[in-house]
Amino acid sequence: MLMIVMLISGVVFFRDMPEERGITYRSLDANNIRTYVWDAGMFDRGNGGVAGFSWPKESNTYAIYFSGLWISCKVSDSIRVSEGYYNTNFRAGYFDFLTQSPKGFDDSLYRMYKVSPQFPNGGGDSDPWIKWPVNQGAPWVDVNNNGVYEPPTDYPVMKGDQNLFCTFNDGYRDSLQSLSATLPLRAEVHMYAYARANSPCADAIHYEWSIINKGRSQWTDFSAGIFSDIDLGTSNNDLAGTDSALGLVYGYNGTPTDPIYGAIPPAVGIVVKSAEGHSNNRADFASRWRCPFDCPTDSLEMYRVLHGLRISGESWINPYTNQATKFAFSGNPVTQTGWRDSLPGERYVIIGSIFGNVPSLDTIQFSTTSLIKRGTSNINSIAELKNCVNSVINVSNNSENVPAKFILHQNYPNPFNPSTTIKFEIIETGVVSLKIYDMLGREVTELISARLSPGTYSEEFNSGNLPSGAYFYRLQSGEQVKTMKMLLLK
Ligand SMILES: [Ca+2]
Ligand SMILES: [Ca+2]
Ligand SMILES: [Ca+2]
């Protein structure tokens, strides 16, 4: 928790950044997680320095207090660390390569953006699709392939039911107090985050980080990680563990009952979903620390943690194998085997990947997922969480195949006789209705009335003994409705 860090480090942390513009956040709450994502390299942080990752979202119970992106490298043998810690080094805006200076923080266009697949009615200037900052690097689909962003024909890439984007950089940090007092990496980060309503298996939030070296020097031994102050309900009775095969770090309640979560506390985890240049082993390191005993308190210790070492610079040694490892506490609490965490208390965790050398103007892609699951006990929650890791990752990686928007296609063939096919794409799970009407608006038939998952569907319509003429077909999925015309010629 915040107070402990303040005491041990002797550094003053800001709960709210007393700056000219301040930092801003947007929420993600498409599934049973509600979290707050800031335009400054941190997330799971509430407004006013309170816990920010609640689950179940209406229960006022929290599983994570704070999380942030940490990056580190060497430039000409000197260490550079920038961290989304309690006093984050990141601020909204880009890093200008020509002048080698940060820009945009005072520009209100550099902030957190949020879009959903439903194109807002009205099409006015306030509509999120129109404001989506494609010129800042926000991903979008150029439907008519002319290089110009023209919503609603073109639309934001929407892997989730809620999607966020912002650009931030570490160049402003010279003027900021921070735990890691190094020069900036001169990193520009494009963060895309999303949540899906039908998150499979476990509730999850996905983050995609594009980290650009905007300095003129190569980054040597660059690494990126996610730090998280997991607090499963009450913070003083937690434990943590890692799983190198799954690329997972997780926290769980160290006692069967938590005063806040009750008899069955959930387990919460962070998984490295993908890391550029990595295949099977996406994560290269994961560990936990027990503040105030072994927290990193300066840039050298943070650099070591971000390269899989202890804060002393020594390797972690697995006491069961006597082997050096970059995954601390990788035993299995479910089977009670191997090197496990003990003595429940305050826990922080970190997980990340090491990317080697990054030349000037190169971009590193790094994506992570935060997930939470409740089983039948504090320990069984870990087993259930692990069972969900692959399905959560796979679905999100395949989400390119899930339609990005609600579409009702023109029937084919058209005109038709006697039958035609109607194709449509839906983006949310729910009751779908497809009805045929005649020219006077009278319902002729209902082709579909069913609960469907997101996907692409085709339905054949046979006109039977209906007379020639124009007909309408009307698709409804949740709040979304679209009607199109077709022509029967006999
Ligand atoms: Ca276009
Ligand atoms: Ca707890
Ligand atoms: Ca904690």
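Trainee: Which two cysteines form a disulfide with sulfur atoms 1.6 Å apart?
Mentor: A disulfide is a covalent bond between the sulfur atoms of two cysteines. Here Cys 291 is joined to Cys 295. Keep in mind that this is a predicted model. Both Cys 291 and Cys 295 are buried.

Trainee: How many disulfides does a search of the whole structure find?
Mentor: Two. Cys 201 and Cys 388 form a disulfide, with 2.1 Å from S to S. Its angle about the S-S bond is -75 degrees, which makes the link left-handed. Cys 201 sits in the loop between β14 and β15, while Cys 388 belongs to helix α4, so the bond ties together parts 187 residues apart in sequence.

Trainee: Are those two cysteines buried or exposed?
Mentor: Cys 201 is partly exposed, because its relative accessible area is 39%. Cys 388 is buried, at 1%. Number the bonded cysteines in sequence order and the pairing reads 1-4, 2-3.

Trainee: Now the metals. Which residues coordinate the calcium ion (ligand 3)?
Mentor: Read a site by listing its donors. For this ion they are Asp 229 (OD), Ile 230 (O), Asp 231 (OD), Glu 346 (OE) and Arg 347 (O), at 2.0 to 2.4 Å. Along the chain their spacing is D-I-D-x114-E-R. Asp 229 counts as buried because its relative accessibility is 0%. Arg 347 is buried too, at 1%.

Trainee: What is the geometry of the site of the calcium ion (ligand 2)?
Mentor: Start with the ideal. Six octahedral donors have angles of 90 or 180 degrees at the metal. The site of the calcium ion (ligand 2) is octahedral, with angles of 80 to 168 degrees among its six donor atoms. The protein donors are Leu 232 (O), Thr 234 (O), Asn 237 (OD1), Asp 238 (OD), Asn 253 (OD1) and Asp 258 (OD), 2.2 to 2.5 Å from the ion. Their spacing in sequence is L-x1-T-x2-N-D-x14-N-x4-D. Asn 237 is in the loop between β16 and β17, and Asp 258 in the loop between β18 and β19, so the pair ties together parts 21 residues apart in sequence. Asn 237 is buried at 8% relative accessible area. Asp 258 is buried at 1%.

Trainee: Next, strands. Which strands does β24 pair with?
Mentor: Strands of a sheet pair through backbone hydrogen bonds, either parallel or antiparallel. Strand β15 runs antiparallel to β24, and ten bridges join them. One bridge pairs Ile 211 with Ile 364 in β24. Strand β19 is also antiparallel to β24, through eight bridges. There Ser 274 has Ser 367 in β24 as its bridge partner. As for cover, nine of the eleven residues in β24 are buried.

Trainee: What is the order of the open sheet of three strands?
Mentor: The order is β25-β26-β29, with antiparallel pairing. β25 and β29 stand at the edges with a single partner strand each, so one side of each has no neighbour in the sheet. Eight bridges join β26 to β29. Ser 419 stands opposite Asn 462 in β29.

Trainee: One last residue. What does the side chain of His 278 contact?
Mentor: First place it: His 278 is in the loop between β19 and β20. Its side chain makes a polar contact of 2.6 Å with the side chain of Asp 284. Leaving out residues up to four places away in sequence, His 278 touches Asp 284, Ser 353, Ile 354 and Phe 355.

Key: Residues are numbered from 1 along each chain as its sequence is written. Chains are lettered from A and ligands numbered from 1 in the order in which they are written. This is a predicted model: local features need pLDDT of at least 70, side-chain atom pairs count only at pLDDT 80 or more; totals for chains, interfaces and linings use all residues. Side-chain values use heavy atoms; hydrogens and water are left out. Two strands pair if DSSP finds at least two bridges between them. Helices (H or I, at least four residues) and strands (E, at least two) are DSSP runs, numbered from the N terminus. Donors are N, O and S atoms within 2.8 Å of the metal (3.2 Å for Na, K and Ca); water is not among the atoms, so sites may look incomplete. Buried means under 20% relative accessible area, exposed over 50%, partly exposed in between (1.4 Å probe, protein chains only). Four donors count as tetrahedral if all angles lie between 85 and 135 degrees; four count as square planar and six as octahedral if opposite donors are over 155 degrees apart and all others between 65 and 115; anything else is irregular. A polar contact is a pair of N or O atoms within 3.5 Å; within protein, one must be able to donate a hydrogen and the other to accept it, and residues adjacent in sequence count only if both atoms are side-chain atoms. Contact means heavy atoms within 4.5 Å. A disulfide is a pair of cysteine sulfur atoms within 2.5 Å.
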